[in-house]
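Please keep the viewer open as you go.

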Amino acid sequence: MLTKKQLDLLAFIHKRVQRDGVPPSFDEMKEALDLRSKSGIHRLITALEERGFIRRLAHRARAIEVVKLPESLGGEATVGFTPRVIEGDRPDAPPPPSAQMIMASSVELPMMGRIAAGVPIEAINQQSHSVAVPGAMLSGSGEHYALEVKGDSMIEAGINDGDVVVIRETSVADDGDIVVALVEDHEATLKRFKRKGRSIALEAANPAYETRVFNADQVKVQGRLVGLIRSY
């Protein structure tokens, strides 16, 4: 059995991973659960991990994977779980998809250069080459493109230097979305989008970087994060 706080945190993490492809930061978890300190979040995460609902991934900053969900959040089946079928009168199950079939379901996206997740760099370059991504990673309608991340300002959102992010083109964003933002028509950056009155705040996910606030007309949203690819 999970306590209400444990269940609330698990539901919040699962929702954000489904929406953004990356887990929320500890500050976002603390705010969502109305806790006074991050230590409470650490205790809840440890409890969820001990009960087998989540897994913390080694050598990655605050990377959390949802392993299974309780019945109240969609059943006890492990996320991504394939049920075993007991052989009987039913026809043989079809063979698992081959590597060729999996690759056939992938989509080639243009790699549009590098995006800053840290010190500002120049705006997005023109297409340099293409990268294959799973078709299931693409979100909604509209064009998609890929960018290589440079910098560590989004490390607590699970986005590391050298990662490739998949972006869906859009000019609008909701509070909390991780977006590609074009600042003053020359600087492209990957940050969390927040509205503050008539201003736009671009928030890092690394305490070493300050939140930058601009007039609304200084920031243009170029796309929203929908997926991430990492090479080891």
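## Overall picture

A contact here means heavy atoms within 4.5 Å. Of the contacts in the chain between residues at least 6 apart in sequence, 58% join residues at least 24 apart. The chain holds four helices and 12 strands; these are DSSP runs (helices: H or I, at least four residues; strands: E, at least two), numbered from the N terminus.

This is a predicted model, where local features need pLDDT of at least 70, side-chain atom pairs count only at pLDDT 80 or more, and totals for chains, interfaces and linings use all residues. Residues are numbered from 1 along each chain as its sequence is written, and side-chain values use heavy atoms, with hydrogens and water left out.

## Confidence

The average pLDDT (the predictor's confidence in each residue, from 0 to 100) is 77, and 77% of the residues score at least 70. Strand β10 (residues 199–203) has the highest mean among the elements, 94, while helix α4 (residues 99–104) has the lowest, 43.

Two stretches stay under 50: residues 77–93, with eight contacts beyond four places in sequence, and residues 97–104, with one such contact. Where pLDDT is low, the predicted coordinates should not be read in detail.

Arg230 sits in the segment after β12 (219–229). Arg230 has a relative accessible area of 16%, so it counts as buried (under 20%, with a 1.4 Å probe and protein chains only).

Technical notes:
Buried means under 20% relative accessible area, exposed over 50%, partly exposed in between (1.4 Å probe, protein chains only).
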